[in-house]
Amino acid sequence: GFEGTAGDESNLDHLIELVSGLVSYREVTRKEIKAAQRALENQQFALDQHAIVSMTDTRGIITYANDKFCEISGYTRAELLGRHHNIVNSGYHTREFFAELWRTIQAGKTWQGEIRNRTKNGSFYWVAATVVPFLDDDGRPFQYVAIRTDITRSKQMHDELEEQLHFVQELIEAIPLPTYFKDVHGRYMGMNRAFETTFMCRRDELIGRSVFDI
């Protein structure tokens with residue numbers, strides 16, 4: 001049989017203590033990792049409820065698309081995954097617009113702007129987008145995350161207001177009587193052709209100035 005000595009018993013006790021401590025450390029570490037994972041999942045869930053979210057690799061190939069992205073684009077998740085993000089390109093923006101976007105995120109910086117996209121059925125929608133690069137240990141992007149909110153309605157309202165203002169301006173121009181409008185400080189903001197003809201002046205000489213300046 002095996003006959004241990006007092007020293008052996010002491011070493012064995014020490015080894016048991018070390019193993020016990022290691023197991024406890026692993027359990028604590030495992031709990032911390034699970035807690036961090038739960039926190040991350042909760043944050044992603046909250047983000048998914050509010051925003052249109054997608055992830056791409058460094059080539060722009062979609063690796064993740066949340067429900068809101070599928071809903072607004074009209075594509076299924078299976079149709080989006082593995083496809084380049086230009087699948088929703090509307091053709092509205094110039095090449096330089098996207099070149100500037102890529103220059104920014106490839107440099108490891110966050111890009112923000114408004115983009116008009118196209119759905120699967122050909123209709124358009126506007127988003128306010130933030131594209132965030134995820135960096136590796138060397139500071140180089142290995143993944144991009146796009147977080148967007150739908151601003152289509154506000155864009156439509158803005159366009160409608162622009163049309164109304166243009167209509168009013170055309171009406172003012174068509175009035176045969178001299179007509180002008182000023183700000184609260186008495187500075188000319190605009191006038192019509194009849195005003196220029198009657199007083200033999202040019203609007204670019206008056207706009208921003210008051211009668212006292214003149």
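Predicted model: local features only at pLDDT ≥ 70, side-chain atom pairs only at ≥ 80, totals over all residues.
Arg-116 sits in strand β3, which is part of an open sheet of 5 strands.

**Around Arg-116**
- Leaving aside residues up to four places away in sequence, Arg-116 touches Ser-90, Tyr-92, His-93, Phe-124, Tyr-125 and Trp-126.

**The sheet**
- Reading across the sheet, the strands come in the order β2-β1-β5-β4-β3, and the pairing is antiparallel.
- β2 (62–65) and β3 are the edge strands, each with a single partner strand, so one side of each has no neighbour in the sheet.
- Going from one strand to the next, the twist averages 30°.

**A closer look at β1**
- β1 is mostly covered, with 5 of its 5 residues buried.
- Ile-52, Ser-54 and Thr-56 point one way from the strand, while Val-53 and Met-55 point the other way.
- On one flank, β1 pairs with β2 in the antiparallel sense over 3 bridges.
- Within β2, Ala-65 stands opposite Ser-54, and Tyr-64 is the bridge partner of Met-55.
- β1 and β2 make a hairpin with 5 residues between them, and Gly-60 in the turn has a positive phi of about 90°.
- β1 also pairs with β5, again in the antiparallel sense, over 5 bridges.
- Thr-56 stands opposite Tyr-144 in β5.

**Helices across the sheet**
- α4 lies across β3, β4 and β5, and it runs at about 135° to β3.
- Helix α5 (residues 152–174) also lies across β3, β4 and β5, running at about 130° to β4.

**The largest pocket**
- The largest pocket holds about 420 Å³ of space.
- Its lining is made up of 20 residues, and those nearest its centre are His-85, Asn-86, Phe-98, Leu-101 and Trp-102.
- β1 (52–56), α4 (95–106), β3 (111–118), β4 (124–135) and β5 (141–150) each contribute at least two residues to that lining.
- Sorted by class, the lining of this pocket has 11 nonpolar, 8 polar and 1 charged residues.

Note on methods:
Residues numbered from 1 in each chain as written. Heavy atoms only, no water. 1 Å grid on protein atoms, 1.4 Å probe; cavity = no way out; pocket = protein on both sides within 12 Å on 5 of 7 lines; lining within 4 Å. Points joined across faces, edges and corners; volume = space filled by probe spheres on them. Helix = DSSP H or I, 4+ residues; strand = E, 2+ residues; numbered from the N terminus. Nonpolar A, V, L, I, M, F, W, Y, C, P; charged D, E, K, R; others polar. Pairing = 2+ DSSP bridges. Axes fitted to C-alpha atoms, helices over the stretch in contact; angles between N-to-C directions. Contact = heavy atoms within 4.5 Å. Buried < 20%, exposed > 50% of the residue type's maximum accessible area, 1.4 Å probe, protein only.
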